[in-house]
Amino acid sequence: MAKSLPYVNPYAYLVATALAVMPVQAHAQETQVAPWELTGEALHSTIGGVRAGQSLKPQSWPGGAKVAVMFSFDADFEAAHVVGLQPNPGPGQYAEGEYGARAGLDRVLAALARYDVPASFFIPGANFESHPEIVGKITAPGIHEIGLHGWIHAPSQAVPLEAELAAARKALSTIEAATGTRPVGYRAPMWQVTPDTMAILQELDLLYDSSLMADDNPYQLVAAGKPLDVVELPVSWLLNDWPLLHGLSPAHTPARDVLDMYVDEFDRAYAEGSSYTITLHPQIIGRRSRIFILEELLKHIASHDGVWFATHRQVAEHVSPGIN
């Protein structure tokens, strides 16, 4: 029987150590107010910077499909450790990231190819310089998408707006030069979005973001009360392999239990005519004892009729006409 673990917020696990080794410059509050002293107005102001707007769940998916399935892979590699997922990273941590590029990515691509499933790869721009070989591997099938994931895997809270915007521009131009295609989507490193991130999405004229989790289905983003022409393709910590399968995570869960949860999430999405978005990492899911999760999940989903396997871009393009 699996050992029962105390609840650990995976967001805190991913972000806290990174911020511990980086000065918070851009978004630090000048004054701290105890939570129990917050007024309703202050609470609304605090949580109202970025909100979910109208649902963009369409009346139907292309071809009469019952469900839209989006596989996404955050190809963080060494960049995940540069900013301090673990304090004072060294060769051991960097090697863990390098594993994703050397071994894990090939297993991921092979599993996707077996079922001819397209996927979206969110890649820090710096990785195109440190691992140029990944470009051909990902683009060769002609069905995968590459999206923005910052320049390095730095949490937005620790980066001034001007620097974050400059990094996003640099990443965009690097990816476009490497692939010949301009990215249209963004995923914030560590899923850490700030109100400033909304400015970046608009400045770069991006179609969608995939970093937030206010719904199961696509929705329109709202910033400071203003609806944006940006689609949110929501994510979930329950559908993210890092906090569940990383060997050092306090929330580590047995691999077969993780597969069961991924399958259960899909089955309900299928029954509801919903969308299903899963976030995986080649350096985690690409391990020999973990790749079966992806393989079995693909097998299970592909056994159903009426499944639309799509990239994030394809789904965003399908639902974006619903923005008004």
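Is K137 buried, exposed or partly exposed, and what is its relative accessible area? K137 is partly exposed, at 29%. Keep in mind that this is a predicted model. Here are a few close-ups of its salt bridges, of which the structure holds five.

**View 1. K137 and D106 meet in a salt bridge.**
The side chains of these two residues come together with an N to O distance of 3.1 Å. K137 sits in helix 6 (residues 133-139) and D106 in helix 4 (residues 91-114), so this pair ties together parts that are 31 residues apart in sequence. As for D106, its relative accessibility is 38%, which makes it partly exposed.

**View 2. R169 pairs up with E203 in a salt bridge.**
Here the closest N and O atoms are 3.1 Å apart. R169 belongs to helix 7 (residues 161-179) and E203 to helix 8 (residues 195-203), so the pair links distant parts of the chain, 34 residues apart. R169 counts as partly exposed, with 39% relative accessibility. E203 is partly exposed too, at 47%.

**View 3. E317 and R313 form a salt bridge inside helix 13.**
Their side chains meet at 3.0 Å, N to O. Both residues lie in helix 13 (residues 312-319), and because they are four residues apart there, about one helical turn separates them. E317 has a relative accessible area of 41%, so it is partly exposed. For R313 the figure is 29%, and R313 is partly exposed as well.

Technical notes. Residues are numbered from 1 along each chain as its sequence is written. This is a predicted model: local features need pLDDT of at least 70, side-chain atom pairs count only at pLDDT 80 or more; totals for chains, interfaces and linings use all residues. Side-chain values use heavy atoms; hydrogens and water are left out. A salt bridge is a side-chain nitrogen of Lys or Arg within 4 Å of a carboxyl oxygen of Asp or Glu. Helices (H or I, at least four residues) and strands (E, at least two) are DSSP runs, numbered from the N terminus. Buried means under 20% relative accessible area, exposed over 50%, partly exposed in between (1.4 Å probe, protein chains only).
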